[in-house]
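Let's take a walk through this one together. Have the sequence and the model open side by side, and follow along.

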Amino acid sequence: MTLSPEKTATTTLAAQVGEFAARAELSDVPAEVVERARHLILDAVGLAFASTAYGFPAVALEALSAFGGGTHPVLGMPDRLSPRDAAVLNGVLIHGMDFDDTHIPAVTHVSAAALPAAISAAVSRGATTEDLLLAYILGVEVSARVGIGGAGGFHDVGFHPTAVAGAFGASVAAGRIAGLDADGLAAAQGVVGSMSAGLLEFLADGAWTKRLHPGWAAMSGLTAASFAKAGWSGPPAVYEGRFGLYNTHLAGRETRPGAVGDRLGETWELVRTAVKPYPICHFIHAFADAVLTLRPEIGDTAITEIRCAIHPVPAKVVCEPAEAKWAPRDEYDAKFSLPFVVAASLTRGRFTLAELEDDALGDAAVLDLAQKVRVSDDPDSAFPAAYSGAVEIELADGRVLRHREQVNRGHDERPLTNAEVVAKFRETIGRVASDATADRVLNAVLSLGDGTPAADFAEACRG
């Protein structure tokens, strides 16, 4: 069955999405897409558990608890909150380590907003895991397309596309579970357009705001869907209108608004979503792979200089401001630092969560080597279709080693297999939970869509 809506000259993009999402059923989604969706969810839930080993979830819980309690379960934690507050905290938990999935062309962490919105909507409305899984898939499809429409420009002007695009996907996920028809789903997108925002200013000082963005997007989606269900109107041309998303956030830049409604139900963007092999900004993955490939050729020879070529848009994220990138102040700075990641990978022969702990952050050998990293523009970069990285390492014996990763690992051309996702899940959840807990969560996630209550799934994923 083809689910793409009939388009007319007067059909807005939000209406196209609404028509598609209102008619879609889980049985219409190809089996391989459904199975990949379960594994993306598994990755996200494992990361939510692992995040509980850090300080930021407790701070988020304290802040949200000031608004009162609730009965909705939280991923990886024993606490309960209201549905909207649980969605915020779940987004923080999934995205807080910046180890969660990324839709590469959209430059968007799609699961971190779509999944919390789908869980909260499904549990609060007594829906099934089939409803939850479909809503999540729809949320990912919409978030990805909204991000693609930005043509890689959101980062360039200082917006975090996960926060912007994620809000639209979350509104569709929540609206579908709320039973909105096509017009209601279009209205929900129109309403959430006034809530979709997230600034990249955290890059200046390592502030925690980025960690909050997906959860805020999820909460915005839940809110917008509720207003639309009550009859609240939203601007129909929220994407393409004179003051719509693309003409305000990316004024004067090349955009692709039509991507929002493009081939819905025919092309599934979910399978283009990359699972991260490294706990760092996805823009740096190609560089970690490149230097780890070259490392065996270096041996004991001293390194004179490391030259890294990167597209100027991602360079703004991982190379600026220079003082925070060549000498990271904390683990959050480090995972957004190209020089640090390159130096740590060369020094330690890997890049894992351990390379973000205090002993690595203060490792003189790593910090000294980072000072030898030089960065230039990459005219051959595939950004935003892929996150490329080219490295030259000049050695004291006169040799120059070169390696280019044109397509980063995790990209749909080089995806992690479902088995590799399971292995990553066991590694991340294993940092804080027993094997029995890991097995319980694994079984609950991989059974999504079996028609059992979504509330049972959420309880299985509590800490």
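Predicted model: local features only at pLDDT ≥ 70, side-chain atom pairs only at ≥ 80, totals over all residues.

Residues are numbered from 1 along each chain as its sequence is written, and side-chain values use heavy atoms, with hydrogens and water left out.

Start with helix H5, residues 111-124. Helices (H or I, at least four residues) and strands (E, at least two) are DSSP runs here, numbered from the N terminus. The expected span of a helix is 1.5 Å times one less than its number of residues. For the 14 residues of H5 that should give 20 Å, and the end C-alpha atoms are 19 Å apart, which agrees. The helix is mostly covered, with 13 of its 14 residues buried; buried means under 20% relative accessible area, exposed over 50%, and partly exposed in between, using a 1.4 Å probe and protein chains only. Just after H5, Gly-126 takes a positive phi of about 65°.

Now hop to helix H12, residues 285-298. The 14 residues of H12 should span 20 Å at 1.5 Å a residue, and the end C-alpha atoms are 20 Å apart, so that agrees as well. Buried residues of H12 include His-285, Phe-287, Val-291, Leu-294 and Ile-298. What covers the buried residues includes strand E5 (303-310), helix H16 (338-348), strand E7 (389-395) and strand E8 (400-405). Leu-292 also sits in H12, but counts as partly exposed because its relative accessibility is 22%. Not counting residues up to four places away in sequence, Leu-292 touches Tyr-278, Ser-345, Gly-349 and Arg-350, where contact means heavy atoms within 4.5 Å. Leu-292 and Leu-346 are 54 residues apart along the chain, yet their C-alpha atoms are separated by 6.5 Å. Just after H12, Gly-299 has a positive phi of about 60°.

Where is there empty space? Rolling a probe the size of a water molecule over the atoms shows where it is left. On a 1 Å grid over the protein atoms alone, a cavity is a set of points where a 1.4 Å probe fits but cannot get out, while a pocket is an open set with protein on both sides within 12 Å along at least five of seven lines; lining residues have an atom within 4 Å of a point. Grid points are joined across faces, edges and corners, and a volume is the space filled by probe spheres set on the points.

The largest pocket has a volume of about 310 Å³. Of its 14 lining residues, Ala-60, Ala-63, Leu-64, Val-88 and Leu-212 lie nearest the centre. Helix H3 (56-65), helix H4 (83-95) and helix H10 (209-229) each supply at least two lining residues, and the largest share, five residues, comes from H3. That lining divides into 12 nonpolar, no polar and two charged residues; Ala, Val, Leu, Ile, Met, Phe, Trp, Tyr, Cys and Pro count as nonpolar, Asp, Glu, Lys and Arg as charged, and the others, Gly among them, as polar.

The second largest pocket holds about 250 Å³ of space. Its 15 lining residues include Phe-99, Pro-277, Phe-351, Thr-352 and Glu-427, the closest to its centre.

The largest cavity is about 140 Å³ and is lined by 18 residues, with Val-107, His-109, His-155, Cys-281 and Phe-283 nearest its centre.

On to the cysteines. The structure holds zero disulfides, a disulfide being a pair of cysteine sulfur atoms within 2.5 Å. Take Cys-308: the closest cysteine sulfur, in Cys-319, is 7.8 Å from its own, too far for a bond. Cys-308 is buried, at a relative accessible area of 1%.

A cis peptide bond joins Glu-320 and Pro-321, with omega about -5°, and another joins Phe-383 and Pro-384, with omega about 5°. Pro-321 is in the loop between helix H13 (312-318) and helix H14 (322-325). Ala-151 has a positive phi of about 50° although it is not a glycine, and lies in the loop between helix H6 (129-149) and helix H7 (154-157).
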